[in-house]
Amino acid sequence: MLVENNLPAATPAPEMSDASSLRQWLSVFAVAIGAFAFVTTEFLPVGLLPHVARELNILPGTAGLMVTVPGVIAALSAPGLMLGAGRMDRRHVFLLLSALLLASNLISAFAPNFVIMLVGRALLGAALGGFWTLATAAAGRLVQPKDAAKATATILTGVTCATVIGVPLGTFIAGFSSWRFSFLATGVLVAVALVAQFWLVPSLPSHKALRFSDLVALVRRPYPRRSMFMVALVFGAHFCSYTYITPFLLHNADFDMSTITWLLLGFGVIGFISNFAASGAVNRSLKGSVAAMVSLLMFALLLMPLLRHSHWAVAADVLAWGIAFGAMPLCFSVWIQRATPEFPEAGSALFVSIIQVAIAVGSLVGGTIVDRVGIPADFLLGSALALLGLAALASFGRSTEDVHTDQLACEATTE
């Protein structure tokens, strides 16, 4: 995510002892609500896939395009929006992106066919990449400097809460009403976030824009390039399988939708706990933490088809999967920060892009396998991709890329 904490030139730096006002914290909460809405909208189809496929008369693998399309577009919009926005007031960018998200939910809710559904999901992608390049950057400018870290954590709490309750809540709503009402309910949440941002988020002028040359310079360096490749493999492993977890649990493991909702909730809750628990391990050994979580992901995906005849075994495997994925965003975000000390903004933008590419390609390839071979084969593909991610991790050894000074080499280390 793009770090852009520069204050307007004419604005004096606040005193470090000043406490953030209530209005400042309300502006943070407005952005956090937006983060919750974005993540919920992005992964809502995961819990609704069988419902949408049945009503719109498409195959489950084809329905996975609801995840693929926004991922592809978000991968382009992450750096593209920042390059295009230049010095545009970031408050106006936030409002524009939230308006696009609202339109996406409304179009998806009333889509008469799958083509219109994909139009709505494409609007989500256009807004998604830009939002994540701005969200954490705004935190340090919405409050006093001493509260910047707490504000960032508050915004990311919106992401975590969406992971924990967003997808299962959408599945729950669809269970007693319809999948269309799930999109409408999320649209109402987006409208609340939009109004809150309009009234509470202050002007956020920018005097420094991301340059295309920064992106090019970063991609030319082998260490960050290999790091991005590793991230792509692991996130691809997760999303090529997670996109189709609901059809697997429903049709292959014979769970009912009520139980699936609770399992997805458990996946999110244990991932939430794993995220916090992993922070200490990441500080002690980043590479070891990444290896442990990717290995757990690989075995969880490998065992899922083998355990499908036992409800208890499948449930335990889903929770193990949740532990692995709950810690991975933290692990890899720290890895990329340390791998790109000279280009933090470009590194953040490319990190957002590569994750969205992994989501898009993973769900697309997974959907093709689901439709032609079956869901168990898709989980085996995910396990194989995770194994390749481990191989990429092993290729780093204990050394880091050569940098200009010993200090930078120390900053870039992943140990």
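## Rings, charges and surfaces in a predicted model

A search of the whole structure finds 16 aromatic pairs, where rings of Phe, Tyr and Trp (its six-membered ring) pair if their centres lie within 6.5 Å, and planes under 30 degrees apart count as stacked, over 60 as edge-to-face and the rest as tilted. One of them joins Phe-198 and Trp-199, whose ring centres are 5.4 Å apart and whose planes stand at 90°, so this pair is edge-to-face. This is a predicted model, in which local features need pLDDT of at least 70 and side-chain atom pairs count only at pLDDT 80 or more, while totals for chains, interfaces and linings use all residues. Residues are numbered from 1 along each chain as its sequence is written, and side-chain values use heavy atoms, with hydrogens and water left out.

Are Trp-335 and Phe-396 buried or exposed? Trp-335 is buried, and Phe-396 is buried as well, where buried means under 20% relative accessible area, exposed over 50%, and partly exposed in between (1.4 Å probe, protein chains only). These two residues form an edge-to-face aromatic pair, with 5.1 Å from centre to centre and 70° between the planes. Because Trp-335 lies in helix 13 (residues 311-339) and Phe-396 in the loop between helix 15 (375-394) and helix 16 (406-412), the pair ties together parts that are 61 residues apart in sequence. Helices (H or I, at least four residues) and strands (E, at least two) are DSSP runs, numbered from the N terminus.

Phe-43, Phe-235, Phe-239, Phe-325 and Phe-332 form one aromatic cluster. The charged end of Arg-226 sits over the ring of Phe-396, 4.6 Å from its centre, and the charged end of Arg-91 sits over the ring of Phe-198, 5.4 Å from its centre; a charge sits over a ring if NZ of Lys or CZ of Arg is within 6 Å of the ring centre and within 35 degrees of the ring normal.

Side chains of opposite charge can pair when their charged atoms come close. How many salt bridges are counted? The count comes to 1 salt bridge, defined as a side-chain nitrogen of Lys or Arg within 4 Å of a carboxyl oxygen of Asp or Glu. Arg-180 forms a salt bridge with Glu-55, and the closest N and O atoms are 3.0 Å apart. Arg-180 lies in helix 7 (residues 179-200) and Glu-55 in helix 1, so the pair ties together parts that are 125 residues apart in sequence. Glu-55 counts as partly exposed, at 44% relative accessibility.

The largest share of the patch, 3 residues, comes from helix 12 (residues 286-303), whereas Leu-380 is found in helix 15 and is partly exposed, with a relative accessible area of 44%.

A disulfide is a covalent bond between the sulfur atoms of two cysteines. The structure holds 0 disulfides, a disulfide being a pair of cysteine sulfur atoms within 2.5 Å. Cys-240 is buried, with a relative accessible area of 0%, and Cys-331 counts as buried at 1% relative accessibility.

Asn-57 has a positive phi of about 60° although it is not a glycine, and phi of Asp-254 is near 60°, a positive value in a residue other than glycine. Asn-57 lies in the loop between helix 1 (22-55) and helix 2 (60-63), and Asp-254 lies in the loop between helix 10 (245-252) and helix 11 (257-284).

| Residue | Relative accessible area | Class |
|---|---|---|
| Asn-57 | 71% | exposed |
| Asp-254 | 56% | exposed |
| Leu-233 | 12% | buried |
| Ile-245 | 1% | buried |

Leu-233 is found in helix 9 (residues 222-242), and the C-alpha atoms of Leu-233 and Ile-355, 122 residues apart along the chain, are separated by 9.5 Å. Ile-245 lies in helix 10.
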